[in-house]
Amino acid sequence: MNATVRLPGRFSRHALLIATAAVPLTGWAAHALTLHKRLAATRKDPLTGLLRRDAYTARARRLLARHGDKVTVLMVDADHFKTVNDTMGHAAGDAVLTAFGARLTAWAGPHAAVGRLGGDEFAVVLELAAGHREERLQQLVRMLHTPVTLDDGRTVDVAASVGAASPDVLGTRDLTALQRAADAALYDGKHSGQAVLAAQATVTVPSINGRRAGRPGTAVWGRAA
């Protein structure tokens, strides 16, 4: 005698359909997760977790389009970074870059564009209106001048130069022009321990790939450092 298996009601048939569909869905979900991780890896710098240049640029331009004159663009260089690498080792240098990345992220907040452009150079675009700009920039400089403690207990004295530019001062929302002005302001105040806000005159500074012409590295293969 053949036994007939009956499904006990509509719910069980529905559960069976879900269970059947879950087999290929599980494989697809795993594949999608892998693709997502690979995409994230192409968007973010593996050392600091900050956005790479292309991802940073896309987010920065969205912020400028959305918030306009309330946005501030920053360029940041670590000071004496080569000395840290040469005297304390590359692991210490990596720790400094990682610390800078974490400090910039904490200072700028979750909605900002924070990118590592290469080496010890960083860029930040965030909503920061004129009334709070000076106070917040001073806060950032203090954060970036706080010594970094290494895993072995040693401390590294660190510093950074910061240049800022904003559409309300310069009369442009073009990211390249704002970064060029911020970069020029950075070098005007290099090693001064102060953040420098770009003035109108800095918009006309010649540039290579959006960076101030004449800065270290801009003459190499015609590319900005």
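**Exercise 1. Find which residues of helix 2 meet which residues of helix 7.**

Solution. Start with helix 2, where Tyr 56, Thr 57, Ala 60, Arg 61 and Leu 64 make the contact (heavy atoms within 4.5 Å). Their partners in helix 7 are Leu 175, Thr 176, Leu 178 and Gln 179. Helices here are DSSP runs of H or I with at least four residues, strands are runs of E with at least two, and both are numbered from the N terminus.

Next, sort these residues by class: five are nonpolar, three polar and one charged. (Ala, Val, Leu, Ile, Met, Phe, Trp, Tyr, Cys and Pro count as nonpolar, Asp, Glu, Lys and Arg as charged, and the others, Gly among them, as polar.)

Finally, look at the axes, which come within 10 Å and cross at roughly 100°. (Axes are lines fitted to C-alpha atoms, for helices over the stretch in contact, and angles run from 0 to 180 degrees between N-to-C directions.) Helix 2 and helix 7 are therefore roughly perpendicular to each other. (Angles of 65 to 115 degrees count as roughly perpendicular, under 35 as roughly parallel, over 145 as roughly antiparallel and the rest as oblique.)

A note before you go on: this is a predicted model, in which local features need pLDDT of at least 70 and side-chain atom pairs pLDDT 80 or more, while totals for chains, interfaces and linings use all residues. Residues are numbered from 1 along each chain as its sequence is written, and side-chain values use heavy atoms, leaving out hydrogens and water.

**Exercise 2. Describe how helix 4 packs against helix 5.**

Solution. First, take the angle and distance: helix 4 (residues 90–108) and helix 5 (residues 130–144) pack at about 155°, with axes 10 Å apart. That makes helix 4 roughly antiparallel to helix 5. Then list the contact: residues of helix 4 including Phe 100 and Trp 107 meet residues of helix 5 including Leu 137 and Met 143. By class, this contact has eight nonpolar, one polar and two charged residues.

**Exercise 3. Identify what the salt bridge of Asp 45 and Arg 116 ties together.**

Solution. The two side chains meet at 3.2 Å, N to O. (A salt bridge is a side-chain nitrogen of Lys or Arg within 4 Å of a carboxyl oxygen of Asp or Glu.) Asp 45 lies in the loop between helix 1 (10–43) and helix 2 (53–67) and Arg 116 in strand 2, so the pair ties together parts 71 residues apart in sequence. The whole structure has seven salt bridges.
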